[in-house]
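This report is for a reader who is new to the structure shown below.

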Amino acid sequence: QRRVHGDLKMSKNTYYKKKGEEQKDKKDLKPNNQVTISTKRNAGFYTFVAKKALSNFEKIELHALGLAMPICISTADTLEKFGLAKITKTIVEPFTDEGGFKKPKLVLQMTKTPEFNSLIEKTNAIKKENEPAFGVIYLSLIHI
């Protein structure tokens, strides 16, 4: 177990309040179509996360604050470039954080394209074709 923000404790499969309130399993949490982007990861990671979200939802929202905005734009551009999603709405609004500082907040609403499922199936087929060859090469390198 570890502490998160002082009020919550988190174990591997359970979130619960510090003062003994009801427990919630991760499986009981509602799925969310919002992807919150930060500067801690690169655009490739968020593109992967957005593709996973698009496989579950027709519409997703990419949210970014301040310096994370270029990563958000790069993620959305990559999704559009490969024909997986289309930007339907762009919202830029001021956001005041807990310290009273104002930052710009970018929200990009995206919808799944009709070709999304076929493109994902093609990608998965290519991955499956290349997996056995990689496994053989990897095993042969281990035994050398």
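## A residue in helix H1

In this predicted model, Tyr46 is part of helix H1. Tyr46 has a relative accessible area of 6%, so it counts as buried. Leaving aside neighbours within four places in sequence, the residues in contact with Tyr46 are Val35, Thr36, Ile37, Ser38, Arg41, Ile71 and Thr75. Between Tyr46 and Leu62 there are 9.2 Å from C-alpha to C-alpha, and the two are 16 residues apart in sequence.

Thr47 also belongs to helix H1, which covers residues 43-56. Thr47 is buried because its relative accessibility is 11%, under the 20% limit. Not counting residues up to four places away in sequence, Thr47 touches Thr75, Thr78 and Leu79.

## How H1 meets H2

Two packed helices are described by the angle between their axes and the distance between those axes. For H1 and H2 the angle is about 55° and the axes are 9 Å apart. H1 is therefore oblique to H2. Their crossing is right-handed.

On the H1 side, the contact is made by Ala43, Tyr46, Thr47, Ala50, Lys51 and Leu54. On the H2 side, Ile71, Ser74, Thr75, Thr78 and Leu79 take part.

## The nonpolar core

Which residues touch the most other members of the largest nonpolar core? They are Ile37, Ile60, Leu62, Cys72, Leu79 and Met110, out of 22 residues in that core. Two or more residues come from each of these elements: strand E5 (34-37), H1, strand E6 (59-65), helix H2 (69-81) and strand E8 (102-112).

Apart from residues up to four places away in sequence, Cys72 touches Ile37, Leu62, Ala64, Leu106 and Leu108. Leu79 is among the core residues with the most contacts to other members, and Leu79 is also one of the H2 residues in the contact with H1. Ile37 is named in the contacts of Tyr46 as well as in those of Cys72.

## Salt bridges

How many salt bridges does the structure hold? There are 2. One joins Lys112 to Glu58, with the closest N and O atoms 3.8 Å apart. Lys112 is in strand E8 and Glu58 is in the loop between H1 and E6, so this pair ties together parts that are 54 residues apart in sequence. Are the two partners buried or exposed? Lys112 counts as buried because its relative accessibility is 15%. Glu58 has a relative accessible area of 53%, so this residue is exposed.

In the other salt bridge, the side chains of Asp97 and Lys103 meet at 4.0 Å, N to O. Asp97 is partly exposed, with a relative accessible area of 23%. Lys103 is partly exposed too, at 36%.

## The chain as a whole

The protein has 3 helices and 8 strands. Along the sequence they follow the pattern β-β-β-β-β-α-β-α-β-β-α.

The protein has 144 residues, and buried residues make up 23% of them. Among contacts between residues at least 6 apart in sequence, 57% join residues at least 24 apart.

Note on methods. Residues numbered from 1 in each chain as written. Predicted model: local features only at pLDDT ≥ 70, side-chain atom pairs only at ≥ 80, totals over all residues. Heavy atoms only, no water. Helix = DSSP H or I, 4+ residues; strand = E, 2+ residues; numbered from the N terminus. Buried < 20%, exposed > 50% of the residue type's maximum accessible area, 1.4 Å probe, protein only. Contact = heavy atoms within 4.5 Å. Core = buried A, V, L, I, M, F, W, Y, C linked by side-chain atoms within 4.5 Å. Axes fitted to C-alpha atoms, helices over the stretch in contact; angles between N-to-C directions. Parallel < 35°, antiparallel > 145°, perpendicular 65-115°, else oblique. Left-handed = near helix turned anticlockwise from the far one by under 90°.
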